[in-house]
Amino acid sequence: MRPTLARRLLAALATAALAVGVTAGCGDDGDRSSAAEGKIINVFSGANAGFVPNFNPFSQNSVAGTMSVLYESLLYFNAARADDVQPQLATGYEFADDGRRLNLTIREGVKWSDGTPFSAEDVAFTFNLIRDNPKINQSGLPIVEAVATDPTHASITFSQGVYTQLNLIAGRTWIVPKHLWTTIPDPSAFTNEKPVGTGAFTLASFSQQNYVFERNPNYWETGKPKIKGMRFHQFASADSAIAALAAGQLDWAGSFIADIDKQYVSKDPEHNKYINESQLYLTNLIPNLERAPFDSAAVRKAISLALDRDQLIRLAFSGYGKEASPAQLPRPLWDDYIKPEYRDRKLEFDPARAEQTLQQDGWAKGADGIYAKAGRRLSFTVKVVQGYNDYISALQIMTQSLKSVGIELKTQEISFTAFSTDQQTGDFDVIMTNLYSEGTPYSWYSRAFSTARTAPLGQQAGSNYGRFRNAAVDAALLAMETTPPEAKDAIREQLFKIQDVIMEELPYIPIQQSSSLIEYRTENLGNFPTEQNHYALTTPYNGPDMGIVAKNLTPAG
Amino acid sequence: MATIETPRDVTGEVVPVVVPTRRPRWRGLLRSRKLAAGLAVVGFFAVVAVLGPLLVDDPNLVSDDRLLAPSAEHLLGTTTTGQDVFRQLVVATRGSMLVGLVVGLLATVVSVLVGVLGGYAGGHADESLSLVSNVFLVLPGLPLVVLITDYVQTRGALAIALIVSITAWAGSARVLRAQTLSLRSRDYVDAARVSGEPGWRIVTFEILPNLLPLIAAQFVFAVIGGILTEAALAFLGLGGAGSWGTMLYFAQNSQALSQGAWWWFVPPGLCIALVGAGLALINFSLDELINPRLRVARRPRRTGPA
C-alpha cells in the first residue's frame, strides 16, 4: 500500500533529523535469539516512528499484529489464493432468508488469553457492539441483531442481503471478549493496552522502541504456533531498515528495496528470500468519462496503445510491477473468474495503431504535432498526489510516449487532500491512482464501475471516480448481490458480462499490477508462504493475513 | 562611519545619540573580499538559473541507462529512470533560485511596510502591526508551511515562494521597526518634521536611506531562508518547483544512498550549501557595514602609501 502523506512526512522528518544527528539511533539492537528452541523472530511492518500503545482491533491506529495475531476473525479469506477460505473461530456458516441472515457454527474449546472460555456469546456481543457504535462499523455492515442460540451457534440478521459482504463480516471482523468489553464506554477511542484475545500470540512487553508477542500456550489449534514469539521493530528510514535486513537483524519485513538482488539477496543468497505480492492493487489512469474527449472510447484506446507498459514497469516501478490485465482483475489470482477468451489478453503497445485509431475517430494532426478535432487539441492534465515519485516518474515517461503519437499529457502534482477532494467530486481530466477491492472479484468491479458508487460531477462519488455508468454492468452487479457466494458459476456468468463491457469500452487505462515486496530470512524461520504454497498473503501489516503466517511459521534448523 | 555626539536638544538636555555623519560607506564595501567571493558564487548560480535551462535538453527524458556513474556522456551520471542528473541540476537551479529571489523580495517588501511604517507611525498603528509580526514570529514556520502547502492546490515555484513568504517576513519587520524607532527620534528627523516635510517624505528620504544596509542584509537573509525552506518542503515531497530539494526527494525515495549513487544526491546538496555560503558571505559584509565593530582591523600595508 502507498504510505499516507502523514507517514511519508514522518518518515522524511525522521530521516532529516537522523541526517543531522539529532535522533539517537533508531530501530533496536535487533538481537537474534540463537537457541533452536524458542525463537523470537524479528519483524518490521513499516513503522517509522515511536510505537504508541493501541491494541484496539477496531481502531485504524492499532499497532501491527493487533488484527489477526492477537484477535481473530471467524474465517480467513486467503488473499493470495482464490476461493481459499480457512475456518478460524467459526467452523461453518450458512446463509438464510435470501442472504439477510448468517448462521454460524462457532468453534468449541477456544479460550481467551486470560483463561475465560470463548463462546458464541462473544461473537454475538461483538456484532451488536459494532451495530451500536457506527464509528467502529467501518465497512458499514447493515447489522440488525446478533444472537447466540447456544454456546456454539450464533446468528446475525441484516437489514439487506449480504452475500457479497461475507469477507467483511467473517473475514475482517475481530471478535472481542464480552466479559471485558461490556464496560468500555467508547470502543472507538479505547486503546486496550492490556489486550486479551483468542489469537496465537499474546502481548509480552511493550515500549516505544519495540514490542513483543509471545506464544499463547492455550491456543486452540494444537501444535501451533511453533515459534516462541515475535518482536516488532521500527526504523526511521527505509535505508536503515534495509541495512538491518541486509545485516540479518530482521526475519520478516515488508519494505520496498530498490534493486533487491544487489541490496539484499546478494548479502546472504542462501537465506535472504523475498516474495513479490502483486495482487493487491491495479494502477490505472482513470479518465473523467463525463469530460470530452474521454467520452470517446477511441481516445482512451489510442492512449492505451501508445503506452509501453514494459518500459513503465522497468523504469518507473523498479521492475517489480506486473503486467495488468485489461479485464481489471489481478492475475493469476482471479484467473478462474476471467472469461477464458480474455484471460491472456494483453494491453498492446502499438504507436502506429494509436494514431490510426485517432484518425478513424476524426482527429487530424495539427501544425504543432498534436492531434485536434473541431478546434480542440488532444491535450489533457493528469492529477497525481505530490511526492508519489514512482507515479511522477511514470507520468514523465508517458508524456514522452504520448507526445510521439501526437497526444499532449501534462502532469499536475497536488496535495493528498486536494487529490482526494478532486477525485471524489470529479474535478479532473485524468487521475493516476490505484483500484483495489475488499477481496472478491465482485468488489473489484463494484468499487470501480457501479453506478451506485458514483455521483454527478461536483458531488462526492464513493469509489467510482471515473463516473462510469453502464446498465449491463449494474444489472450484473445486482445479480451477484442476490447470489449466494457458493454459486460460483452463477457469479462467473455475471462477471463475464461485466468483462464483455470493460473489454469493449476500456473505461480506464490499466498501467500495472502493483507490487509489495516482502522479505523473509530462512536462517531462523521455516514454512514461510511461497509462490507454490501460498497458504496466506505474506504481508506483515495489520490485517487478516499476518496472524495466519505467524502461527504457521516454524523455527529453522 | 557613525560618530558619537552629545548634542543639546531644544529643551537644553544633553542627549547622547548615534548619528550617521554621512551616507553609509558603499565604497568600502566593494573592497571586501568576502563580498567579492559571495557575489561571485551567487552570481554564478544566477547566471546558470537564467541561461542554463535554455542550453540543456529536457531533464525529464528517460532512457534505459539506469543509475550510471558520471561519465563523459552523462557528466553527473543518471537516475534510476535513466534521467541525466546534470540536466536536472541545471534546471533545478532555476527553481531554487527563483523561489529564493521571490521569497526575498516579498518578505522584504512586507517587512519594510510593517516594520518601518509601524515604527514611524507609532501609537495604535504600531501596536497592532507589531502584534501581527510578533504573532507571525512565534508561529512554527516549517510545520505551518507544510500544512498550508498540503491545502493549497496549485504547485510551482511562485506558489511555493508565496507560501514560504508568509512566515519569512516577521523577524525582519521587528528589526526594521526597532531601527526605525531609534531613527525617528533623531534630530535630523525632528528637524525635517519641524520644517514641515510630509510624513511620506520623511520616511522615504530621511529614514529609508539610513535603513538600506539593514534592509539589504534582511533581504539576503530572506533569500537564504527561502531557498532552504523550499528545499526542506521539497524533500518532504511537498515541492513543485523542480528544485534541488525535489532532486534530493527523488534520490531519497529511490534509495540512492543505500545503492551508492552519490552522484544523484551530492550535487544538489552541494549547490544548496554553496549558494547558502555565498549569500552568507554577502550578509557578513553587509553586517560589517552596518556595525563597524564587526569589521576586522585591516593590517597596515607594509609597502606603499597609507
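Biologist: How are α7(B) and α9(B) oriented to each other, roughly parallel or roughly antiparallel?

Modeller: Please note at the outset that this is a predicted model. To read a helix pair, one takes the angle between the N-to-C directions of the axes, and an angle over 145 degrees counts as roughly antiparallel. In chain B, helix α7 (residues 170-184) and helix α9 (residues 199-235) pack at about 165°, with axes 10 Å apart. α7(B) and α9(B) are therefore roughly antiparallel to each other. The crossing of α7(B) past α9(B) is right-handed.

Biologist: Which residues make the contact between α7(B) and α9(B)?

Modeller: From α7(B) the contributors include Ser172(B), Val175(B), Leu176(B) and Arg184(B). Among those from α9(B) are Ile207(B), Leu211(B), Leu214(B) and Gln218(B). By class, this contact comprises 8 nonpolar, 5 polar and 1 charged residues.

Biologist: What is the overall make-up of chain B in helices and strands?

Modeller: Chain B has 11 helices and 2 strands. Of the 306 residues in chain B, 43% are buried. Among contacts in chain B with a separation of 6 or more, 70% join residues 24 or more positions apart.

Biologist: Which residues of chain B does UniProt list as "transmembrane region"?

Modeller: An annotation of this kind comes from the record, and it may be inferred rather than shown by experiment. The unreviewed UniProt entry lists residues 35-56, 97-117, 129-149, 155-176, 211-241 and 261-286 of chain B. Residues 97-117 of chain B are 100% helix and 0% strand, and the end C-alpha atoms lie 29 Å apart. Residues 261-286 of chain B are 96% helix and 0% strand, with the end C-alpha atoms 39 Å apart.

Biologist: How many residues of chain B are in contact with chain A?

Modeller: There are 26 residues of chain B in contact with 29 residues of chain A. On the chain B side, the elements giving two or more residues are α5 (141-151) and α10 (244-253). That side divides into 10 nonpolar, 14 polar and 2 charged residues.

Biologist: What does UniProt list for residues 85-450 of chain A?

Modeller: An unreviewed UniProt entry gives these residues as "domain: Solute-binding protein family". In the model, residues 85-450 of chain A are 28% helix and 24% strand, and the end C-alpha atoms are 26 Å apart.

Biologist: Where is Asp83(A) placed, and why does Asp83(A) count as partly exposed?

Modeller: Asp83(A) is in the loop between β2 (75-77) and β3 (85-87) of chain A, and its phi is positive, near 60°. Asp83(A) counts as partly exposed because it has 13 C-beta neighbours inside 10 Å. Asp259(A) also has a positive phi, near 50°, and lies in the loop between β11 (252-253) and α6 (260-263) of chain A. With 18 C-beta neighbours inside 10 Å, Asp259(A) counts as partly exposed.

Conventions
Residues are numbered from 1 along each chain as its sequence is written. Chains are lettered from A and ligands numbered from 1 in the order in which they are written. This is a predicted model: local features need pLDDT of at least 70, side-chain atom pairs count only at pLDDT 80 or more; totals for chains, interfaces and linings use all residues. Two residues are in contact if their C-beta atoms, placed from the backbone, lie within 7 Å. Helices (H or I, at least four residues) and strands (E, at least two) are DSSP runs, numbered from the N terminus. Ala, Val, Leu, Ile, Met, Phe, Trp, Tyr, Cys and Pro count as nonpolar, Asp, Glu, Lys and Arg as charged, and the others, Gly among them, as polar. A residue is buried if 20 or more other C-beta atoms lie within 10 Å of its own, exposed if 12 or fewer, and partly exposed in between; C-beta atoms are placed from the backbone. Axes are lines fitted to C-alpha atoms, for helices over the stretch in contact, and angles run from 0 to 180 degrees between N-to-C directions. Angles under 35 degrees count as roughly parallel, over 145 as roughly antiparallel, 65 to 115 as roughly perpendicular and the rest as oblique. A crossing is left-handed if the near helix is turned anticlockwise from the far one by less than a right angle, and right-handed if clockwise.
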